[in-house]
Amino acid sequence: MPAAIAFPDAAEVYTRYLREQLVARGDPVHVGTRIPNPRPARFVRAERIGGTQLDRVTDRPRLDVHCWGATEDSAADLMTVVRALTLAMPGWRGAVVYDLAEVGGPNLLPDKETSTPRFALAVELSIRGATLTPA
């Protein structure tokens, strides 16, 4: 019987990476998988919206990434940085992400509840799994 393969939480891996990169740039923006309460003026939310396991050791999750800002320019500027950092993710030290493709480029998508400016993009990550350890 082949070994069981487990995959990490793609949204957690991505948000950890993005937080680390933004802090390294001197821009400690809130990055998470939920909308924070209270809402800061600028923040990033990433969530897994689908994807499938490609083969025995590769998961291909699709993530939606949303960037909010106090103004449309602020949200657009944040998206510009987030997009660049996202596309640089493969090969990040210690990462299980070895490939990434943008499947939906940045677009303005104002928040329906608050009308706050928000930009969104979608990416697919190739994530390597690991053998499940015994309990």
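In this predicted model, Ala 10, Ala 11, Val 13, Tyr 14, Thr 15, Tyr 17, Leu 18, Gln 21 and Leu 22 are the buried residues of helix H1.

**Helix H1**

- H1 runs over residues 10–24, which makes 15 residues.
- From its first C-alpha to its last, H1 reaches 21 Å, close to the 21 Å expected at 1.5 Å a residue.
- Asp 9 caps the N-terminal end of the helix, with a side-chain oxygen 3.0 Å from the backbone nitrogen of Ala 11.
- Ala 11 is also among the buried residues of H1.
- Gly 26 follows H1 and has a positive phi, near 80 degrees.

**Salt bridge between Arg 45 and Glu 47**

- The side chains of Arg 45 and Glu 47 meet in a salt bridge, at 3.0 Å from N to O.
- Arg 45 counts as buried because its relative accessibility is 18%, under the 20% cut-off.
- Glu 47 has 26% relative accessibility and therefore counts as partly exposed.

**Salt bridges of Glu 124**

- Arg 60 and Glu 124 form a salt bridge through their side chains, with an N to O distance of 3.5 Å.
- This pair links distant parts of the chain, with Arg 60 in strand S4 and Glu 124 in strand S6, 64 residues apart.
- Both Arg 60 and Glu 124 are buried.
- Arg 62 also forms a salt bridge with Glu 124, and the closest N and O atoms are 2.7 Å apart.
- Here too the pair links distant parts of the chain: Arg 62 lies in strand S4 and Glu 124 in strand S6, 62 residues apart.
- Arg 62 counts as partly exposed because its relative accessibility is 30%, which lies between the 20% and 50% cut-offs.
- Glu 124, at 17% relative accessibility, therefore counts as buried.

Notes
Residues numbered from 1 in each chain as written. Predicted model: local features only at pLDDT ≥ 70, side-chain atom pairs only at ≥ 80, totals over all residues. Heavy atoms only, no water. Helix = DSSP H or I, 4+ residues; strand = E, 2+ residues; numbered from the N terminus. Expected span 1.5 Å × (residues − 1). Buried < 20%, exposed > 50% of the residue type's maximum accessible area, 1.4 Å probe, protein only. Polar contact = N/O pair within 3.5 Å; in protein donor to acceptor, adjacent residues only side chain to side chain. Salt bridge = Lys/Arg side-chain N within 4 Å of Asp/Glu carboxyl O.
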